[in-house]
Amino acid sequence: TPDPLITEIQPWAQGFGDGVDAVRYGLPIEYEGDVIRRNVEWLTADTISSINFTPIHALEGTITPQGCAFERHHSGAIDLRKEDYRLMINGLVDRPLVFNYADLERFPRENHVYFCECAANTGMEWAGAQLNGAQFTHGMIHNMEYTGVPLRILLEEAGLDTAGDLADKWVFVEGADASSNGRSIPMEKALDDVLVAFKANGEALRKEHGYPVRLVVPGWEGNMWVKWIRRIEVMDGPVESREETSKYTDTLEDGTSRKWTWAMDAKSVVTSPSPQAPVTHGTGPLVISGLAWSGRGAITRVDVSKDGGMSWETARLARPGERMALSRFYLDTHWDGSEMLLQSRAMDDTGYVQPTKAQLRAVRGLNSIYHNNCIQTWLLRANGEAENVEVS
Amino acid sequence: ETFGLGRPALPEEIAAWDGDIRPDGTGLPKGSGDALIGEEIFAEQCAACHGDFAEGIGNWPKLAGGADTLDHDDPLKTVGSYWPYLTTAYDYIKRSMPYGNAGTLSDDEVYATLAYILYSNDLIPDDFILSDETLLDVEMPNAEGFIIDDRAETEYAQWSDAPCMEKCKSAVNITMRAMVLDVTPQEETSPEAEPEEAPLMVTAAFDPALAAEGEKVFRKCKACHQIGADAKNKSGPILTGVVGSPAGVVEGFSYSKPLIKVAESGLIWSEKELAAFLEKPRAYLKGTKMSFAGLRKEADQRAIIEYLKSYGN
């Protein structure tokens, strides 16, 4: 029968839509109201010091819109005007300096796309399959185009002659919020690719991501990307702050703990189909879509398995992998309606291959929280629904 | 080549912001305190979240206990069992605590609070004077428990072979399913409407449905408050009959000085006053012991007050 949506004149084809200026800064159309950050309340005591999750199951491409990019605060997202913003550089520098926001916009700036992943992403899955959705298992990540000043330029403005040999020097960075979230970063990284960023995806940072200025530490755990950054101190050793000793350290089976585990290893996940993104179209053509990234370089290849890792097919990268940025991969396939155990496996340009949960556990035991980059499995049932499972 | 941007940081400005403390004690301010003094500060400033004995409440961090658990399942990581440097604890308390009122403890108060935490971990006796002179004398049990990231040696080499593509294993079994645990947040089926009508002072008939909503919101309060016939004072007072009652009248509860002051001047916990208090406790009553951040949504305030009303005297 002919489709009345085609054969009959529809209201939108007859009358007017909204005029310009109906919305001066737009939100997604109401039909996309499901594409939102979500919190897991039982994880933390209070939303002031908590995390929520990017709806990666519902996003495509690689750039995360700021409005749904995950948030992590240790003392709440503060309201800090550009006019009230100050950045101090002190310690082992020739000239301790204070910059205001306008000063930062007068230094040469760069643009780079980087992912920011919380070290705890997938942390709830160490002991077994727990949360049913890619948003919850892998959503502590976002990927934006940052505009900012290389930290190296600001350090050179303050002068590093006083610091002498830079090989054993560090910077300590802290934020203006009540938690201050201080972290120590080796000078080598500070002079390499760290950015003092004030824009993301072309516009000002959002309040929840550190407006007006945050640190961008490519490839390294999100906790080091200090928001509302107010001070950078050049030092001859690390502070060993709370966030780099009692937190963001990885306890192994024998009770010793790794510290300074900064880089995020290669990782990937199928974002669709997944528990929050079931197959609703039945058998036939099926696009398996996913994300891959590595904090140690660029993604070179992603393989997809439909049978829980017995056999693999190499997926198509939507674009050549970029360093420390998300890559989108696709497996354009045909679904016959039978059950599948979907997995993805990323490789980066260091030759590293994303490990299974069993491989990770063999080295680290079960008590780690952070840096879980295991291969994820979704059980896709004949009815198109998907579930988070763990396989032998 | 420099750009000539920025201005010199003044010594007073550096002193105001540069407070970090290093493992060798660099940066420790002069001062001292012991566990007895610290116990009072802890009860007043920290216990609402961390418990009277630093044992933690709900999901808030436990600061004491956990000795020798690091190589067990679910190790308990506290200042005593896990933290390698005591300077870290000083740095953190001084910088970020008390939660919601950061940076307000004097240097002596930080030493005393830290002494109480150490005492709660059985790491010092109650008469130990913790100071800039003695802090490094305290032995931290897990000081030697850390190694520097060794993934390059233990992981990267063995996970860099050309990966298997065919017949990688002979069988696959599902060993665990997220559905069994069932801890994934579910969407509310009827999205919470936020009624804008009915200002709080209008005396409305008791609304059982709203009170039921309020019971859910009250979960945020349960760590510190009990309500009902058998309720006891915890780190917050009993709330039975609070709506419409004078402030500061629960027997056996030690109120903050600011609360006693407003109670003496005749504060009644009307629905309006309660709503204002609940919205931003510390803004409403500076110095209150209630460390709760507040209920921003008016709908939540209304619901919880309705719930409190269901427990009249």
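Is B:Lys167 buried or exposed? B:Lys167 is exposed, since its relative accessible area is 76%; here exposed means over 50%, buried under 20%, and partly exposed in between, with a 1.4 Å probe and protein chains only. You'll find B:Lys167 in the loop between helix H6 (151–156) and strand S5 (174–177) of chain B. Helices (H or I, at least four residues) and strands (E, at least two) are DSSP runs, numbered from the N terminus. The backbone of B:Lys167 is worth a look too, with a positive phi near 50° in a residue other than glycine.

Before we go on, a word on the ground rules. This is a predicted model, in which local features need pLDDT of at least 70 and side-chain atom pairs count only at pLDDT 80 or more, while totals for chains, interfaces and linings use all residues. Residues are numbered from 1 along each chain as its sequence is written, chains are lettered from A and ligands numbered from 1 in the order in which they are written, and side-chain values use heavy atoms, with hydrogens and water left out.

A:Met324 sits in the loop between S20 and S21 of chain A, and it counts as buried because its relative accessibility is 5%. For strands to count as paired, DSSP has to find at least two bridges between them. One pairing to click on is A:Arg316, whose bridge partner in S21(A) is A:Tyr330. Zoom out and you get an open sheet of four strands in chain A, ordered S16-S17-S21-S20 with antiparallel pairing. Strand S16 (267–272) and strand S20 (316–317) are at the edges with a single partner strand each, so one side of each has no neighbour in the sheet.

Now move to strand S13 (residues 229–235) of chain A, which is mostly covered, with seven of its seven residues buried. Strand S4 (residues 86–91) of chain A runs parallel to S13(A) and is joined to it by four bridges; there, A:Gly91 stands opposite A:Val234. Strand S8 (residues 170–175) of chain A runs antiparallel to S13(A), with six bridges between them, and A:Glu174 faces A:Arg231.

That brings us to charge. Side chains of opposite charge can pair when their charged atoms come close. A salt bridge here is a side-chain nitrogen of Lys or Arg within 4 Å of a carboxyl oxygen of Asp or Glu, and the structure holds 43 of them over all chains. A:Arg231 makes one with A:Glu233, at 2.8 Å from N to O, and both residues are buried. Salt bridges that share partners tie A:Glu174, A:Arg230, A:Arg231, A:Glu233, B:Asp18, B:Asp20, B:Asp91 and B:Arg95 into one network. Elsewhere, A:Lys169 and A:Asp168 form a salt bridge with their closest N and O atoms 2.8 Å apart. A:Lys169 counts as buried because its relative accessibility is 10%, whereas A:Asp168 is partly exposed at 44%. A:Arg381 pairs with A:Glu387 in a salt bridge at 2.7 Å between the closest N and O atoms, and A:Glu387 is buried, at 1%.

Where do the two chains touch around A:Gln130? Leaving aside neighbours within four places in sequence, A:Gln130 is in contact with several residues of chain B, namely B:Ala178, B:Leu181, B:Val183 and B:Thr184, and with chain A residues including A:Trp42 and A:Asn388. Contact means heavy atoms within 4.5 Å. A:Gln130 lies in the loop between strand S6 (110–117) and helix H4 (134–138) of chain A, and it counts as buried because its relative accessibility is 18%. Its side chain reaches the backbone oxygen of A:Met124 at 3.0 Å.

In chain A, one joins A:Tyr211 and A:Pro212, with omega about 5°, and A:Pro212 is in the loop between strand S11 (203–204) and strand S12 (214–216). In chain B, the bond from B:Met97 to B:Pro98 is cis, with omega near -10°; B:Pro98 belongs to the loop between helix H4 (86–96) and helix H5 (107–120).

Key: A polar contact is a pair of N or O atoms within 3.5 Å; within protein, one must be able to donate a hydrogen and the other to accept it, and residues adjacent in sequence count only if both atoms are side-chain atoms.
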